Every structure is written in C-alpha cells, then in structure tokens.
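Try each task yourself before reading its solution.

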Amino acid sequence: MSVRVRIAPSPTGNLHIGTARTAVFNWLFARHHGGTFVLRIEDTDLERSRPEFTQNILDGLKWLGLTWDEGPFFQTQRLDLYRRKIQELLDQGLAYRAYETPEELEAMREAQKARGEAPRYNNGHRHLTPEQRAAYEAEGRTAVIRFKIDDDREITWTDLVRGKITWKGKDLGGDMVIARAATATDIGQPLYNFVVVVDDIDMAITHIIRGEDHIGNTPKQILLYEALAAPVPEFGHTPLILNQQGAKLSKRDGVTSISDFQKMGYVAPALANYMTLLGWTPPDATQEIFTLEEAAKQFSFDRVNKAGAKFDWDKLNWLNSQYLHAMSASALTDLLIPYWQAAGYEVDWIAKRPWLEQISALIGPSLTRLDEAVPMTRYLFTQDVGFSEEATRKLQQDGSAAIVEAISTALCQSPNLTETSAQSLIKQVATDLGRKEGQLKPILRVALTGETKGPDLIQSWLLLHQQGWDQSRLQRALAIAQ
C-alpha cells in the first residue's frame, strides 16, 4: 500500500504551532515511507475563513520546508460532491431530514439535564411519516440532515499512537447532523465530520494523523466510512502541545502562530527541528539537532508519546542559537537585513555588504534569535549615539576625560586602524597615562558605543572606523566627560 497522508488546516486564523506540528508528523511519515503528502484547505466555515489566513498557512508551510505533493485543495470548490454523497445516504435510508426548531432542541437538552442525563439528540425525527414531514414543511420549517447512529454499536480501532480504542454508539450524542438547515428540497451546508470523510475517501488517504483532540470525531467518521462503503484508514492521534501549566497551548500563552515565531527571529530549520521533538523521541535520544530529512529516515509512531508535550521556550531558544551560530556570515546577513530594515536603519545594503557581513560575524556567536541583532547593533547604524545613564556616569568619573582625550589624539596619528594597531594604540595610551589596559577599555567602550556592555570592543571600533564615526564619538564623549 502506498502511504497517503494529508494536512487539512482551516483558514480561520494564522498557521498555529499545533497545526504545524501535525503537518510535521504527517510530512515525516510520508517521507519515511516514500508516500504522498496532500494539502487540503478546509474552508467551509464561510463566516470565519479569510484569504489572508489561507495565504499565511501556505507561506508558513513553505517557510518550514513542508512541501506538499498534491493540492492545495479547497473544500468550497467541492460542495457538489458532498451534496451528492449526502443524497446517497438519504436515498439508502442512512440519513434523514430532522425538523426540530432550535427552541425545541434546547428544551430537549434542558429536560435531559433536569433528569441528570447527558444532553444528546433523542433521534425523535428518525422515523417521521411522509405526512408528518409534509406537515412540518407546510409550517415553513427548515430541516437539517442527520446521519443515523446505532446506539448499540461498538466502534473500535487500533490507534497508531494509543493502541486499541473503543467507543459505544450511545456515547456519540445521538444521530449526527451532517448538513445545516435548508428547505425540504435542498441540502444545506455540509458539516465537518461528513466532508472530511468524503475528502479523505476521494483523495485515497491511507493514514489520518492528527491531534488527540480529534479522538471524539473518529468513531463518528468510521461509521461514515462504512456507510459510504469505503475502506477505513488508519488513525494516529498525536499528543497536544501544552503550556508550562499543563494546559493546551493557546493564544493566551502569547506567541502561537508560525508567522509570530518567524517575526521573533526563529529560523525555520530550528523551529521545524524543535517541533519534531514535541511528542516524538528519536532512536538516539541524545540526538537533538537534525534536519527534517534526517528525522524522516528515523520517524515511526512507536516513538510518539501518548502524554502531552510541554512547550519549552528554553529548549527552542537553545536550538535556534545552535543553528544561528553554525551559519556563515553571508547566510546570517541575508536573514538579518530584513530586521535592520524594519528597525529603520539606513545603509546602502548592497554597497555595504562586506561591512554588514563583518557585523554578522561579530554578533553571530552571541545571538539566540535574529531580532536580538537590532538592539545589539544599534550603535553601528547611527552616526550619533546616545549614552546610557551608566555610561554617562562612567565617563564623568575622575580620569575618564584624560583617557578619552589621549585615545582621540593617538587615533589622529593612526588613520589606517587595524586590529593590531588598535591593540597597540590602547597599550601605548595605557603606558603613557600610567594606567592598565583594563582601565582604559571600559571607558573606550562607553565612548564609542554609549553602553557599558556589548560585542567585542576592538571589532566594534574597527566597524565604526570604517564608517568614519569613531573620532566623532570620542569627541562627543569627551564633551560629556569634561
């Protein structure tokens, strides 16, 4: 059997980390078996679906490297197929029209609660006579379409993650609505549990890999497969992604969409790598860094955990830093330029490319996320720099003015500054002033950068010198120090 899996997001919001992790597991499983990864957009929620969310989903999957083999298919383009299949069930007596009003259904539920029963549909319109149906229609009532569920039936499947699972028909809430209300001659908007089955049959999906929050849908869908005379695929319900308190990760926890992670400065290989570890353990548990392709070679469901996977920001940050630290200066510069541009920094991005790559080489080993480069390099992108309160206090200490002035004077005599000459200049000024180099460098740092901490001092000085800004910085610092 050729493996065929799918990811089927709903475009009612941006691509969520949970949906993306499900996509990762589907992609890994497909690639491991040389199978097919299908993308389907479940856009039948017309009120909440938005084209910008669809684009966000497509962009997010591409950014993560989760290339699909077929699709994207859109459910709104397949409504005729769903209605034909519903009509087949009506013709076979496996589905029927139910005419209860919302008020009648609510009264039913309240009565059940009053008796201490779990609310469910009582199948009251399953056996209406033609005369009863005609009477309801004469009143102008609309009808939903319900699929018959046998309360005495047991539905069992062997889950790829959780093993044998059994549900009883009586626990499924009564006959299931598969199409919204419409007139007697029409079939209303087909609903999720039905259309997803029709799609998976039509697309020959062999394995359905999704979050454990879908377990309750599975027995209903298995009954629909059987009613539509189709093979039942295998199911695998993966653990949910949890916050640190053990609850399902949600918008209340802050960043949850893939585009948000991207904006924060996480790189796609690191985030994809991290998502493989959210619920799956590689055969070599000590291995933590790998590409999607490497993970696919090892992926199997016997190593997918049943328990929820807690989202660990520290682990993600560490993984991201490892990818950033391993990048070449050129590759890192390509990723950093959009962040510098978004911050409003102005430079000739083409002509100054060698200078920018030097900056990337300087800060790369210190980066955890790309967005950290903006505050870390601010002093390099402006001719005039502000001085922090701590830096100002340090400049106004006794002896600071003499240090700044001596360095400025020595710099005038060394117009072609190099790493070696800069080190020599500091050493010579220290000797002339009877100070230690360790006393000069903190003063030089605040004079050049306006801060007491930052990237390597000598390399920062050289980068400012290439811009012709070091001498003017020293003069401004001297004015504060005096």
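**Exercise 1. Describe how helices α17 and α18 pack.**

*Solution.* Start with the two elements: α17 covers residues 419-433 and α18 covers residues 437-449. Helices here are DSSP runs of H or I with at least four residues, strands are runs of E with at least two, and both are numbered from the N terminus. Two packed helices are described by the angle between their axes and the distance between the axes. For this pair the angle is about 115°, and the axes lie 9 Å apart. (Axes are lines fitted to C-alpha atoms, for helices over the stretch in contact, and angles run from 0 to 180 degrees between N-to-C directions.) Finally, list the residues that meet: Gln423, Ile426, Lys427, Val429 and Ala430 of α17 face Glu437, Leu440, Lys441 and Leu444 of α18. Contact means heavy atoms within 4.5 Å.

A word on the source: this is a predicted model, in which local features need pLDDT of at least 70 and side-chain atom pairs count only at pLDDT 80 or more, while totals for chains, interfaces and linings use all residues. Residues are numbered from 1 along each chain as its sequence is written, and side-chain values use heavy atoms, leaving out hydrogens and water.

**Exercise 2. Work out the strand order of the parallel sheet and find its edges.**

*Solution.* The order in this open sheet of 3 strands is β1-β2-β3. Strands pair if DSSP finds at least two bridges between them. β1 (4-7) and β3 (70-74) each have a single partner strand, so one side of each has no neighbour in the sheet. From one strand to the next, the twist averages 25°. Next, look at β2 (residues 36-41), which pairs with β3 over 3 bridges. There, isoleucine 41 has phenylalanine 74 in β3 as its bridge partner. Helix α2 (residues 51-64) lies across β2 and β3, at about 160° to β2.
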